[in-house]
Amino acid sequence: MSPYKKDTVKQRNPDFPTQLVKNRRLIYYDTIDEMWVGVFKRYHTDLYKRYKESKRLNTAPKVFHLCKLFETTKGGNVSCLCINCEGFNCLMRGFLAAIKIIKSVLKWPEGSRHD
């Protein structure tokens with residue numbers, strides 16, 4: 001689920017177009033086939049055995065593609081929109097820690113001036 005509260009998806013009811021369903025976006029970073037083989041096979045073995053195709057075991061069937069939630073969106077190379085990813089907090093913290101370690105390793109000559 002996207003941590004960004006304004007990152008929502010809307011779906012209109014086909015029979016009543018004025019009715020909207022509004023939910024937060026679910027971002028996934030795996031392909032549908034990877035989710036089929038990895039997650040679905042592990043947690044729902046009986047349904048996996050029923051719907052798997054004998055010729056293409058690692059390919060998700062059409063039913064799995066059609067029944068995914070409307071909120072799901074392929075993430076790709078987009079961040080998850082949290083403050084740590086968008087603000088580069090961890091990168092900055094690591095950068096400052098590296099500078100601190102390098103300063104402690106460097107030994108300046110006695111008579112030189114440095115900051």
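Q: What makes up the lining of the largest pocket, by class?
A: In this predicted model, the lining of the largest pocket comprises seven nonpolar, two polar and one charged residues. The residues concerned are Y28, I32, M35, V39, F40, H44, F64, K68, L69 and T72. Lysine belongs to the charged class, so K68 is the charged member of this lining. The volume of the largest pocket is about 210 Å³.

Q: Which helix gives the most to the lining of the largest pocket?
A: Helix 1 does, with four residues.

Q: How do you know that the length of helix 1 agrees with its number of residues?
A: Helix 1 covers residues 32-43, which is twelve residues.

Q: Which residues of helix 1 are buried, and why are they said to line one face?
A: I32, W36 and F40 are the buried residues in helix 1. Viewed down the axis of helix 1, the buried residues fall within an arc of 50 degrees, and therefore they line one face of the helix. An α-helix has 3.6 residues a turn, so residues three or four places apart point the same way. The buried residues of helix 1 pack against strand 3 (26-28), helix 2 (45-51) and helix 3 (62-66).

Q: Why is Y48 called buried?
A: The term applies under 20% relative accessible area. Y48 has 7% relative accessibility and therefore counts as buried. Y48 belongs to helix 2, and its C-alpha atom is separated by 9.6 Å from that of A60, twelve residues apart along the chain.

Q: Why is G75 called buried?
A: The relative accessibility of G75 is 6%, so G75 counts as buried under the 20% limit. G75 sits in the loop between strand 4 (72-74) and helix 4 (83-87).

Q: What does G75 touch, not counting residues up to four places away in sequence?
A: G75 touches I27, Y28 and Y29. From C-alpha to C-alpha, G75 and Y29 are 5.1 Å apart in space, although they are 46 residues apart in sequence.

Q: Why is T8 called partly exposed?
A: Partly exposed covers the range between the buried limit of 20% and the exposed limit of 50%. With 26% relative accessibility, T8 counts as partly exposed. T8 is placed in strand 1 (residues 8-12). Apart from neighbours within four places in sequence, T8 is in contact with K22, N23, R24 and R25. The C-alpha atoms of T8 and L26, 18 residues apart along the chain, are separated by 9.0 Å.

Q: What makes helix 5 lie largely in the open?
A: The number of buried residues among the 17 of helix 5 is zero, so this helix lies largely in the open. Helix 5 (residues 89-105) reaches 25 Å from its first C-alpha to its last, close to the 24 Å expected at 1.5 Å a residue.

Q: What is the secondary structure of the chain, and what pattern does the chain follow along the sequence?
A: The chain has five helices and four strands. Along the sequence, the pattern is β-β-β-α-α-α-β-α-α.

Q: How many of the contacts with a separation of 6 or more come from residues 24 or more positions apart?
A: Such residues account for 53% of those contacts in the chain. Of the 115 residues in the chain, 11% are buried.

Technical notes. Residues numbered from 1 in each chain as written. Predicted model: local features only at pLDDT ≥ 70, side-chain atom pairs only at ≥ 80, totals over all residues. Heavy atoms only, no water. Helix = DSSP H or I, 4+ residues; strand = E, 2+ residues; numbered from the N terminus. Expected span 1.5 Å × (residues − 1). Buried < 20%, exposed > 50% of the residue type's maximum accessible area, 1.4 Å probe, protein only. Arc of directions from axis to C-beta. Contact = heavy atoms within 4.5 Å. 1 Å grid on protein atoms, 1.4 Å probe; cavity = no way out; pocket = protein on both sides within 12 Å on 5 of 7 lines; lining within 4 Å. Points joined across faces, edges and corners; volume = space filled by probe spheres on them.
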